[in-house]
Every structure is written in C-alpha cells, then in structure tokens.
Amino acid sequence: MLKPDFIFESSWEVCNKVGGIYTVLSSRAKTLQDEMKDRIIFIGPDFWKENVCPYFKEEKSLFAQWQWEAKEQGLLVRVGRWTIPGEPIAVLVDFNPYFEKKNEIYGWLWEHYRVDSLHAYGDYDEASMFSYAAALVVESFYTFNVQRSTFTDKTRVVYHANEWMCGLGALYINNKLPQIGTVFTTHATSIGRSIAGNQKPLYDYLFAYNGDQMAGELNMQSKHSIEKQTAHHVDCFTTVSDITARECVELLDKPVDVVLPNGFDDSFVPKGAQFTRKRKAARQRLFQVANALLGEQFDDDTLIVSTSGRYEFRNKGIDVFVEAMNRLLRDRDLKKKVLAFIEVPGWVGEPRKDLQERLASKQTFDTPLDVPQVTHWLHNMSHDNVLSMMKYYDMHNRKDEHVKVIFLPCYLDGKDGIVDMTYYDVVLGNDLCVYPSYYEPWGYTPLEAIAFKVPCITTDLAGFGLWANKVFGHDGEIEDGVKVIHRTDYNYSEVADAIKDTVARFSAMSAKQVDACRKQAVALSKKALWSEFIQYYYEAYDIALRKAEARKAQ
C-alpha cells in the first residue's frame, strides 16, 4: 500500500468551529499526526486577521522561508498549530483578495471542467475563493520544496478536499499539479440534503431522482455542479457512510471509491472519579436552570433526556423529538419525571436577564418565569419552529406534567450566559440522548453520547445507526446501548411512538439494568475509534497515489 509523505487537507472548518466536519477533522488529526509527525498540514480560512483565533496558535518559525516566499507571491497566510489533540500544523489563508478575479476563476473552471457557477448565490463565492486560495497555498508550498530539492519525483503528496466548498481547489490541483494525488470527501450531497430539507421524500424515490434536474428545481445548480465535477475528476472519491454512498451513485452519477466512516478520539473523555464528578456537576447545573425557569424541584431520579445538533428541524428529527415528548406526557408506562433539553443553536438574541438573576441568587424557586420553555430570547420568537410546535401542542411545562421540555437555542461553548458549560461537559449529565434523524450521512452526536456512557436512540437513516446495526448483527435495542429505530419517508408517527416507548421503558429499568446499558454504549463507542477507522483513509490515499504515479509514468 502506497503511503503519502505529505498530506494537505483543506476544509472550511479547519480552526473554524461551525459544524460536524470540525469534529471529524479535529478528532482524526491526532491519529494522523502521530503517524505523520508534522507532515499533515491543514488549510483553513482566515477570518480573524489581527484578532485572536481561539483554535489557532501562530508560529512564525514554522516553514519560515516558505512563509516569506508565500508573502512575496502575494499569499496572505498565517502558519501555526491547530489547538486540538496532536496540535497539527495549520495554515490559515485570507481569500478576500481573489474576489476581484472571481469571474476569471469561474471562467477557467467552466472551460476545463464545465462547472456551472452562473447560478451562484449565498456562500458559494466565499467558499470558492477560499478553495482557490487553499490550492494556491499547496501549489506554492509544493513548488518551493521542489525547487529546494526537499520534494523530488519520488515524494508522495496527497491533497484531501472536504465538501463541495473545497471542490474548486481539488480541480485546480488536479489540473496544475497532476503529480499530487487528490481525494475528495462529500460529507453529505448538497442535492440530497436539499431534497430532504424541502420536505420531499428522498429514499423511496432515490432511484428515480435525476441530480441535475433536481438541482435546477431546487436552485442548487452551482453547488451541485462543483460537487459532481469534483467527484468525477479527483483520483479518489469518498463519502462517510453506506447510506450517503447510495446518494452519490444516484444523484452525482458516481460511485464512491471508499467509504470513510467518522471515528472518534476519546482521549478527552474523563475517566474514573473525574467522570463521576463532572457528571454530577452537569446534572446539578441542568437542574438549577430548570428550577429557575420552571419553579419546580428536580431530584436525581429525574431522567435527563436531550437532543442536539444543527437546527435542521426535519432532517435532524427535532420535529419528531418534540412530537415524542408530547406523546410521553400521556404515557402511563412512564415511571419517572423527564427533563428534556433541545440543545440546538437558533437565531439567538441574548440570555434571559430574568433567568440570569434567578440563577445568580442561588435560591430555589416555586413559581415559573413567563415563557418557561426557552432559556434565551430569540430574534424570531413568533416564527421559531421549536417554540411554534410546542405552542401548537399546548406544551407549557405546567407543574402537574411529568415531562418538561426546555429549548436551549445556543452553542454550548461555556459562555452562553445560562448553562455556562461546554457541550461535552453537559452531554455526560444525560441519562438518554435522542437523535431521530431523517437525513444524517453519519451522525456524530450519537457517537459522542455513547463515548460519554450515555445510551442513545437514533434511526437507520443515519449512517451511524446503520453501522451500529451492522456491528450488532440485528436492529439495535436500548439494552445494546443504542436503540436504532427503522425510519422511512412516511413513518413519522411510528418513529415518535418508538421514541416515547423507549424512554418509558428506560424509565422503568433498575439501576443495574441502566448500568449494563451504559457499559454496552461505551463498548460500542470503542469500535468506532479512529484507531479502528483510519485504515480506510490509508486505502483512499493509496488509490489516489497510484493514479498520480500512473500519470507520472505516462
């Protein structure tokens, strides 16, 4: 198997924490850094300029001569380390100078690869200019090292582009530096996500959808075009799960070369007494917030349940979670109080002052605040999907109700003004996590939950759910640590009932049974560590390098 001497990997989410790809890259980095020792270089967008990036530590001495050369070429780069486990090298590049030659770049792209940029809108231009800048960084670094004979004909280099946002750069490298092997990973097809997000049935009709036609119908021509052409022209095309691999065949007309499942690095999961202490602290804080908001006392016997992720109301199954909690209100099999949190960043305005005052007073309260469903004021209170659905179902967290649902509409970064704990510190306080996704190429949230010993509920429309079923050899039950619900385009109601029934069943379990569940959850998470999954990446690098070697031989 051919192994790379150098890997360049670009993503919009390098040193930029905005979504799940940040977790993929940042958790995988240590495994590759341990193997490659500063020969993996991540390239991300430089939004911060003179301001401090919280995820990046600049080191002017790293590749100092090349840095000087890059600046001479007009490349505005900062080189340093990504402040994550392994501290890999990262290059942040300012892509703003390229907007003035945007039309020229898009013209080149059309001429060489027939990529349609005419219908671009929103974040397309920004992503494309970053992608172009990232490719220039690689070209500059590669050429500099060839001129100094640090790189020779025998030096094996891989360029790995993540998502459609980095497609332009992958095509540029493919064209200008054919001796570099190119890998492209789509973490979700842009058109598949759009079909699902537009309330259209994706799975039953997948065989019949034409990706190009749907792109026109959903105004997605440019994103679809760059994604499709990159998939067809790179040396190795990959995605993150078997379910998304099916999408690629049908919507991009290109089967993937390798599936790269998303692993996990559990080095930061607390152990032993520290875990117990942190779990207790998380539960206490969530109970304090609930008491201050709802005016009700919660003892440790209360089940803390949550869902989290991006605010894709249907795709992430937030709608079916609210539905299930509403049905649970009337379930006679429920043996404990349930405190359910929806931890999804909305259009947040500010933390509630009245809630902050109560929390600061350290008292306990017996009267609820007004609007006891939400911890932060939103800019769109009257049009928010979660609050609207709760209002429609008359879910007002009344004292006599055994199920309380609280919307935490912000990033849990430790500075939200209410909980003031990070997501990972909060998640381990849960008894059960629920992620009933309709569209989920992989699903980091359930994997994170089980790594923190929290059993979870997911669906077989999530790549992770399918993988769990494959490992179990049957459909996962809560006793396995992960309950995998069968979900289709049309069985929303059955999914809501299955969640309700599983939570009720879990509430009736003895401490011994719950402990067994938690142990099973952790055991499954160990099978999804990067040390298990990194082999698929080496397979992808091998495919890309062999094609690059074949080009060199021609």
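Start by selecting Tyr 423, which has 16% relative accessibility and so counts as buried (buried means under 20% relative accessible area, exposed over 50%, partly exposed in between, with a 1.4 Å probe and protein chains only). You're looking at a predicted model, where local features need pLDDT of at least 70, side-chain atom pairs count only at pLDDT 80 or more, and totals for chains, interfaces and linings use all residues. Residues are numbered from 1 along each chain as its sequence is written, and side-chain values use heavy atoms, with hydrogens and water left out.

Tyr 423 lies in helix α14, residues 423-427 (helices are DSSP runs of H or I with at least four residues, strands are runs of E with at least two, and both are numbered from the N terminus). Now show what surrounds Tyr 423. Apart from neighbours within four places in sequence, Tyr 423 is in contact with Ser 308, Glu 343, Leu 412, Tyr 435, Thr 445 and Glu 448 (contact means heavy atoms within 4.5 Å).

Next, colour the sheet. Its 6 strands form an open sheet with parallel pairing, in the order β14-β11-β10-β15-β16-β17 (two strands pair if DSSP finds at least two bridges between them). Which strands stand at the edges? Pick β14 (403-408) and β17 (482-485): each has a single partner strand, so one side of each has no neighbour in the sheet. From one strand to the next, the twist averages 20°.

Zoom in on β15 (residues 432-434) and β16 (residues 456-459), which run parallel and are joined by 2 bridges. Here, Cys 433 stands opposite Cys 456 in β16.

Select α10 (residues 272-294), which lies across β10 (303-308), β11 (338-343) and β14, and runs at about 95° to β11 (axes are lines fitted to C-alpha atoms, for helices over the stretch in contact, and angles run from 0 to 180 degrees between N-to-C directions). Then try α15 (residues 444-451): this helix lies across β10, β15, β16 and β17, at about 155° to β16.

For the last stop, select α11 (residues 318-328) and α13 (residues 385-392), whose axes come within 10 Å and cross at roughly 30°. The two helices are therefore roughly parallel to each other (angles under 35 degrees count as roughly parallel, over 145 as roughly antiparallel, 65 to 115 as roughly perpendicular and the rest as oblique). Show the side chains that make the contact: Ile 318, Asp 319, Val 322 and Glu 323 of α11, with Val 386, Met 389 and Met 390 of α13.
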